[in-house]
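Subject: Structure for you to look at

Hi,

Here is the structure I promised to pass on. Please open it alongside this message, and then read on for what I found.

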Amino acid sequence: MVAAEVIRSIEEKALRMRELIVTDLIGEGKVGHLGGSCSSADIVATLYFHKMKHDPKNPKNPDRDRFLLSKGHAALVQYAALALAGYFPQSELKKVKSLGAMLQGHPDMTKTPGIEANTGSLGQGLSIANGMALGLRIDKSARRVYVIVGDGEQAEGQIWEAAMAAANFKIDNITAIVDCNRLQATGAIKDRFDLNPIRPKWEAFGWNAIEVDGHDVGALIGAFEVTEQVKGKPSVILANTVKGKCISFAENNAAFHNGMLTAEQCKTALCDLETIRKGRA
Amino acid sequence: MATKSLRTAYGEALVALGKDNKNIVALEADLGKSTMSNLFQVAYPERYFEMSIAEANMASTAAGLALTGKIPFINSFAVFSTGRCYDQLRQTISIAGLNVKICGSSAGLSDYGDGSTHQSVEDMSLMRGIPGMTVLVPVDAVETTKMVAAMVNNPGPMYIRINRNDLPILTPTDTPFEIGKLYTMKEGKDVVVFANGVMVSRALAAAEELAAEGVFVKVVNVSTIKPLDRQAVIACAKGMKAVVTAEEHSVIGGLGSAIAEALRLEKGAPIEFVGIEDVFGTSALNYDELLVHYGLTAQAITTKIKGLLK
């Protein structure tokens, strides 16, 4: 059982990450991937601030757990977590996407400490994670690979190639998390290629699948612990989330997949986050 | 002239290098009996991954392995290992400069029976266009062996284009191979032919024929297309009356393009290309017949040289 204060501290990190996304990583009058970053925030916070073994002062330490975003467009949420964890100064956040910046529009391992792979072309991260997991297995490492896949991203056929491969190689040092926010760039996934029900598909491909509320930090911690115990097969956490979570006008709104924030919306967003913080206190 | 299979040399080289270098791993897309990666599978099953008929996943998995310090070689026919996973090679592997080695086997027209879907006429062009990608084209089995060692010993993404058929051995075993170096196969003062792969032997035959007519042709084996030693290309072309390139590839984007790019500021000899004229391949019952069909012959090289010397 995880102590309540541990959960509260992770929840606070996730709120702080959302604030940084609004104020520093997007900002007034600018465009950014708000929706999918906010849907992943609690998962990313749980990994960086509780679950993973990692060292911000030595990002390439071989004895580290690996995290990558297959849905690379949600880079903002990872940048916020990396800054809070101390991988680079928080002052870098406001320079995102500017010429010469350490923080690119999509994750770039050659420029940003703590980024494990270049992602952004959808569908490839699960395969990369498999390769990392196989490499760690050859090295007899106890470390694990965590990869967040978008639910819309599951339309990419390579996700299912990777799913087949992981089961075939019995890769059990990987945890995939599908951020099930039900929306893609232009609208509802169910109105495009509806993959529901998702769980039996992963199970049919040979995966151990767990469904959780992707904003319930305690449940996420529990799910991560379960996946570590599963041997001989890969595990996936199907995290039910809300796109734009905690930002009232962006919740369940595909317009904020990569939308512009007005000054008024920035204010509202920060107000929403503060209200949630006060409600928890 | 002695011939040997380049793909066997490739597989044997991987096995030999893998003995001491435990970081070498091989991934295969169900063509191991053709690419000869199956030799590595027999030797080191724990470092061999049969990735089945899923090339895109194979390429990205190799990226992950490289990110844990391994030196992955991905294997398939050239048409698949470049075209089928182009996005994977570009996005994750090459933007980050990952240490992934790509084997394009049965390249060019060398898989003569299988036809256009299995023949790669544009693989060099595709790979050459990716920033940071090294592109290698061995001329024979001996050079293949040295090249695989160079691929292991030098970091970064690299593509090796391997012919399916036994080719004449044209290079000595005792000279070193260096990535980016041009190799002069025959000296000549009048004309230079830049060739690679199977076309080097055709260029040498053309040079012999023309020597009898008093035209002396220098033949250069450009087994590294990229990075191309521009100054060395300029030096080879200096004072020549004609420059001809010869490749088993489209005239667009391959060796001819690379040489023309290198010579673009030189006020020297005119340049002509011998290659496939922007069409796909086709089935044939033997390799030589197909090369003749596409004009990839000593005769074609001689004709182009004479055309420029008129």
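Below are my notes, going from each chain on its own to the places where elements meet.

Please keep in mind that this is a predicted model.

**Chain A**

The secondary structure of chain A consists of 8 helices and 9 strands. Its radius of gyration is 18 Å, close to the 19 Å that the globule rule gives for 281 residues, so chain A is as compact as a globular protein of that length. Of its 281 residues, 53% count as buried. Looking at contacts in chain A with a separation of 6 or more, 76% are between residues 24 or more positions apart.

**Two helices of chain A**

As you will know, a pair of packed helices is described by the angle between their axes and the distance between the axes. How do helix H1 and helix H8 of chain A pack? Helix H1 (residues 4–26) and helix H8 (residues 263–280) of chain A meet at an angle of about 170°, and their axes are 10 Å apart. An angle over 145 degrees counts as roughly antiparallel, and H1(A) and H8(A) are therefore roughly antiparallel to each other. On the H1(A) side, the contact is made by Arg8(A), Glu11(A), Leu15(A), Arg18(A), Glu19(A) and Val22(A). H8(A) brings Cys266(A), Ala269(A), Leu270(A), Leu273(A), Ile276(A), Arg277(A) and Arg280(A). By class, the residues of this contact are 7 nonpolar and 6 charged, with no polar ones.

**Chain B**

Chain B has 13 helices and 14 strands. For 310 residues, a compact globule would have a radius of gyration near 19 Å, and the 19 Å of chain B agrees with that. Its C-alpha trace spans about 60 × 40 × 35 Å along the principal axes. Buried residues make up 59% of the 310 residues in chain B. Among contacts in chain B with a separation of 6 or more, residues 24 or more positions apart account for 80%.

**The nonpolar core**

In soluble globular proteins, nonpolar side chains tend to be buried together. Here, the largest nonpolar core has 193 residues. Those with the most contacts inside this core are Ile21(A), Tyr79(A), Ala80(A), Ala63(B), Val193(B), Ala203(B) and Ile301(B). Helix H2 (residues 34–51) of chain A gives the core its largest share, 9 residues. Which residues does Ala203(B) touch, leaving aside its neighbours within four places in sequence? They are Val193(B), Ala195(B), Val219(B), Ala246(B) and Ile301(B).

**Where the chains meet**

Between the chains, 23 residues of chain A are in contact with 22 residues of chain B. On the side of chain A that touches chain B, the elements giving two or more residues are helix H4 (125–138) and helix H5 (157–168). H4(A) gives the most to that side, with 9 residues. The side of chain A that touches chain B divides into 9 nonpolar, 11 polar and 3 charged residues.

Arg137(A) is found in helix H4 of chain A. Is Arg137(A) buried or partly exposed? It has 17 C-beta neighbours inside 10 Å, so Arg137(A) counts as partly exposed. Its C-alpha atom is separated by 16 Å from that of Gln229(A), which lies 92 residues apart from Arg137(A) along the chain.

Best wishes

How values were computed:
Residues numbered from 1 in each chain as written. Chains lettered and ligands numbered in written order. Predicted model: local features only at pLDDT ≥ 70, side-chain atom pairs only at ≥ 80, totals over all residues. Helix = DSSP H or I, 4+ residues; strand = E, 2+ residues; numbered from the N terminus. Rg over C-alpha atoms; globule rule 2.2 N^0.38 Å. Buried ≥ 20, exposed ≤ 12 C-beta atoms within 10 Å, placed from the backbone. Contact = placed C-beta atoms within 7 Å. Axes fitted to C-alpha atoms, helices over the stretch in contact; angles between N-to-C directions. Parallel < 35°, antiparallel > 145°, perpendicular 65-115°, else oblique. Nonpolar A, V, L, I, M, F, W, Y, C, P; charged D, E, K, R; others polar. Core = buried A, V, L, I, M, F, W, Y, C linked by C-beta atoms within 7 Å.
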